[in-house]
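Trainee: I should like to work through this chain from its elements to its domains. May we begin once the structure is displayed?

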Amino acid sequence: MIKRLLFLIITVIIVTLLVFWFQDHPGFLVIRWLGYEVEAQVSVALLILSLGFFCVWGVLGLLKKILHFPQFLKGRYGAHHQRRGLQSLYNALSSLEAEDVKKLLIEGEGISSHWSEKPLETFFKANAAYYSNDFKGATEAFNQLRLYKETEFLGFKGLIKLALKQDQEEKALELAIEADKIYPQSPYIAKFIYQHSLMREKFDQALMMMPTLLRLKIISEDEAESQRAFIYVSEANKFKEEGKSDEADNLYEKALQLRPDLLPVALANASRLIEAGKARKVRNLIEKIWPQTPHPDLVPYYLRTFNDGHPMEQFKQVQRLVSFAPDYPQSFLESGRYALNAKVWGRARSFLMELVERENATAEVYKLLATLELEEHHDKNRSEQWLQKATMAPQTSMWRCESCLKPQDAWLGSCPDCWAWGRINWIGVSN
Ligand SMILES: [Zn+2]
């Protein structure tokens, strides 16, 4: 703006100076050409010349505009298409989320009528086929997507979803492993490979994914350690079933080194270590984990470490174990159970009644009280009353899958009901 003003001021000054100069030095300009003669004052001639120059400049500008007109129109038209295409894209994305197949197809075509974007059109076509269970069409379209560099991953992900929808778990896993090579940063793929490898008992493949899960911060260092321990136990169980006891023992030991405090690890190792003459080690281990996971199955292993099966001795051994967490309901229950076994009626009654008073009594507690009435007082009526209570009491201690909430007989890596990995936990009596 300032530049223009400066230019104007300078031009006006120069013109004014020229006008004054020509007035001081008047003269004529004569042009003779082809027998014509034009005569004009120098200042007038200059004025005509500059007017002519401005005329030519204006005409040229106009010509330029006329010549660019088709392109201008094309630009306007293009922008219009761009807008309509974008609108179709938004609509198609909404239809995809809504799984509205009909609208998805319409909007997908809408995109391709405004934009010549084949991959985008194929993407929506593939998803429409997927949601309308046209497996053949979807497979073709997702495979097509894999051919374009920009949609290769979308093609893989679609084929994985499609394989799962058709219960082809093995195929889905193979595709995910392939996709991981082109997209190693995907948490979806990493989690998928990990979970599905475990479900299919491909333990090595699952362990191979561990660094990726850590790198992508899907699991913490602590979780990774317990997951590894669980994988070793699961793999060891499998070897044991196949009669490969050396391989199994190796892995049980590895799990024990890693996380001796985990209940499934301790339970899986106890019997093996006792047989290997390491009773003291097992005793220490069980005493250490009792305050965290007072599981009833630990007690028989604990008693085996003393090698004295007399009921009174066993009652004393249990008293020693529960002294590590004396106030826990499971401690009272085990004390009552072994007092009853040793026929120490008074002690048995006080341990079990403590749970009744605390409202921590499970069906098991009432059944033990029923046995106590029968054995101590031969009182069938009273015993029946306790059994009646047992039928109404909740079943609170169990192994249970946290995914499908179904109870299980023992710890397992994969839930046999919903296939979730590492979700079976021991639910003890609440403290
Ligand atoms: Zn489950």
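Predicted model: local features only at pLDDT ≥ 70, side-chain atom pairs only at ≥ 80, totals over all residues.

Mentor: Residues are numbered from 1 along each chain as its sequence is written.

Trainee: How far apart are the end C-alpha atoms of helix 3?

Mentor: Helices are DSSP runs (H or I, at least four residues), numbered from the N terminus. The expected span is 1.5 Å times one less than the number of residues. For the 14 residues of helix 3 (residues 101-114) this should come to 20 Å, and the distance between the end C-alpha atoms agrees: 20 Å.

Trainee: Which elements do the buried residues of helix 3 pack against?

Mentor: Buried means that 20 or more other C-beta atoms, placed from the backbone, lie within 10 Å of a residue's own; exposed means 12 or fewer, and partly exposed is in between. In helix 3, the residues L104, E107, G108, G110 and I111 are buried. They cover an arc (of the directions from the helix axis to the C-beta atoms) of only 155 degrees, which puts them on the same side of helix 3. Their packing partners are helix 2 (42-98) and helix 4 (118-131).

Trainee: Which exposed residues does the face turned away from the buried side of helix 3 carry?

Mentor: An α-helix has 3.6 residues a turn, so residues three or four places apart point the same way. On the face of helix 3 turned away from its buried side, the exposed residues are K102 and S113.

Trainee: How far apart are the end C-alpha atoms of residues 42-63?

Mentor: An unreviewed UniProt entry places "transmembrane region" at residues 5-22 and 42-63; such annotations may be inferred rather than shown by experiment. Residues 42-63 are 100% helix and 0% strand, with end C-alpha atoms separated by 32 Å.

Trainee: How many residues of domain 3 are in contact with domain 2?

Mentor: An automatic or database assignment gives domain 2 (117-217) and domain 3 (220-307), among others. Contact requires C-beta atoms, placed from the backbone, within 7 Å. Domain 2 contributes 7 residues, and the number from domain 3 is 7.

Trainee: Is V344 buried or partly exposed?

Mentor: V344 lies in the loop between helix 16 (329-341) and helix 17 (345-357). Because V344 has 18 C-beta neighbours inside 10 Å, the residue counts as partly exposed.

Note on methods
Helix = DSSP H or I, 4+ residues; strand = E, 2+ residues; numbered from the N terminus. Contact = placed C-beta atoms within 7 Å.
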